[in-house]
Amino acid sequence: MVKNILLACVLTAAGGYLLGSILFGVLISKVMYNDDVRNHGSGNAGMTNVLRTYGKLPAVFTTIGDVGKSVAAVNLGRFIFGALLSGTGAAWQNPLDPVCGAYLAAIFCMIGHSRPIFFGFKGGKGVLVGAGAALATEPLVCAVLLAIFLIEVAVTRIVSLGSIIIAALYPVGTLINLIARGANAATIVFSTICCVIMAAMVIWLHRSNIERLKNGTEYRFGQKK
């Protein structure tokens, strides 16, 4: 069983990382404008920088791509864990639900997005990738976090602050939801740890935004440069 768990983890991590390394922001900027979005604005490959640099349509395409690759990674991880860790009989007592593979894939998809092997290890902050993972694993939690995000942005017009807030709330919402669903202890612990890691990654990658928030100089959506 241990060998199967390790193999499932390795395959899930590799698949998640490679999918995450596909940067749709860069691909779209190159196809549509023969440019690299990372040469502009914040230098990131995420949707927010695409929106600021090129406008709404490329940002929509980027959103679809980044969320889509995360959903694909999550489903791949769920499939791998389900396929390799399924079994019957007294000798096989698998403690991990396939959703654990989904969360592990999400972590490595975020790592791939922020440090992509296909694009010189310079990517984005992974907020949309995390959102895609939440959508595919915990749609109710995702809906609540989306509502909080939209309210925050409507009030402050600071996208980064909304991203930090929902990242911090994500592990809490997931933990509550898993307990409410009656998940076993191993799945709750594994999944919650994964969510904490994902949240910490998003917040860490926003550390420059946090400094600007503290200084009152953070960009507000719609603000003239």
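Select Arg157 first: this residue sits in the loop between α7 and α8. Helices here are DSSP runs of H or I with at least four residues, strands are runs of E with at least two, and both are numbered from the N terminus. The phi angle of Arg157 is near 65 degrees, a positive value in a residue other than glycine. Arg157 counts as partly exposed, because its relative accessibility is 39%. The classes are buried for under 20% relative accessible area, exposed for over 50%, and partly exposed in between, with a 1.4 Å probe and protein chains only.

The model is predicted, so local features need pLDDT of at least 70 and side-chain atom pairs count only at pLDDT 80 or more, while totals for chains, interfaces and linings use all residues. Residues are numbered from 1 along each chain as its sequence is written, and side-chain values use heavy atoms, with hydrogens and water left out.

**Whole chain**

Zoom out and colour by secondary structure. The protein has ten helices and zero strands, and the pattern along the sequence reads α-α-α-α-α-α-α-α-α-α. Along the principal axes, the C-alpha trace spans about 65 × 35 × 25 Å.

Switch to a surface. The protein exposes about 11000 Å², of which carbon and sulfur atoms supply 71%. Accessible areas come from the Shrake-Rupley method with a 1.4 Å probe, and for residues only the protein chains shown count as cover. Of the 225 residues, 46% count as buried.

Among contacts with a separation of 6 or more, 69% are between residues 24 or more positions apart.

Now select the charged groups. There are 18 positive and 8 negative charges, and their mean positions are 4 Å apart. Lys and Arg count as positive and Asp and Glu as negative; His and the chain ends are not counted. Each charge is placed at NZ of Lys, CZ of Arg, CG of Asp or CD of Glu.

**The nonpolar core**

Next, select Tyr103, Met110, Tyr170 and Met198. These residues have the most contacts inside the largest nonpolar core, a set of 27 residues. At least two core residues come from each of α4 (56-84), α5 (99-114), α6 (127-137), α7 (139-156), α8 (159-181) and α9 (185-205). The largest share, eight residues, comes from α5. Such a core is a set of buried Ala, Val, Leu, Ile, Met, Phe, Trp, Tyr and Cys residues joined through side-chain atoms within 4.5 Å. In soluble globular proteins, nonpolar side chains tend to be buried together.

Centre on Met110. Not counting residues up to four places away in sequence, Met110 touches Gly126, Val129, Gly130, Met198, Met201 and Val202.

Move to Ser163, found in helix α8. Ser163 counts as buried, because its relative accessibility is 5%. Beyond residues up to four places away in sequence, Ser163 touches Val127, Phe149, Val202 and His206.

Select Leu23, in the loop between α1 (2-20) and α2 (24-33). Leu23 counts as buried at 0% relative accessibility. What is in contact with Leu23, leaving aside neighbours within four places in sequence? The list is Arg38, Ala45, Lys69, His113, Pro116, Phe119, Lys122 and Gly123. Draw a distance to Ser86: Leu23 and Ser86 are 63 residues apart in sequence and 33 Å apart in space, C-alpha to C-alpha.

Asn34 lies in the loop between α2 and α3 (47-54). Its phi is near 50 degrees, a positive value in a residue other than glycine. Asn34 is exposed, with a relative accessible area of 72%.

Asn49 lies in helix α3 and is buried, with a relative accessible area of 3%. Not counting residues up to four places away in sequence, Asn49 touches Val37, His40, Gly41, Ser42, Gly43 and Asn44. The C-alpha atoms of Asn49 and Ala59, ten residues apart along the chain, are separated by 8.4 Å.

**Last stop**

Finish at Gly82, in helix α4. Gly82 counts as partly exposed at 27% relative accessibility. Draw one more distance: 9.3 Å separates the C-alpha atoms of Gly82 and Leu96, which are 14 residues apart along the chain.

Conventions. Contact means heavy atoms within 4.5 Å.
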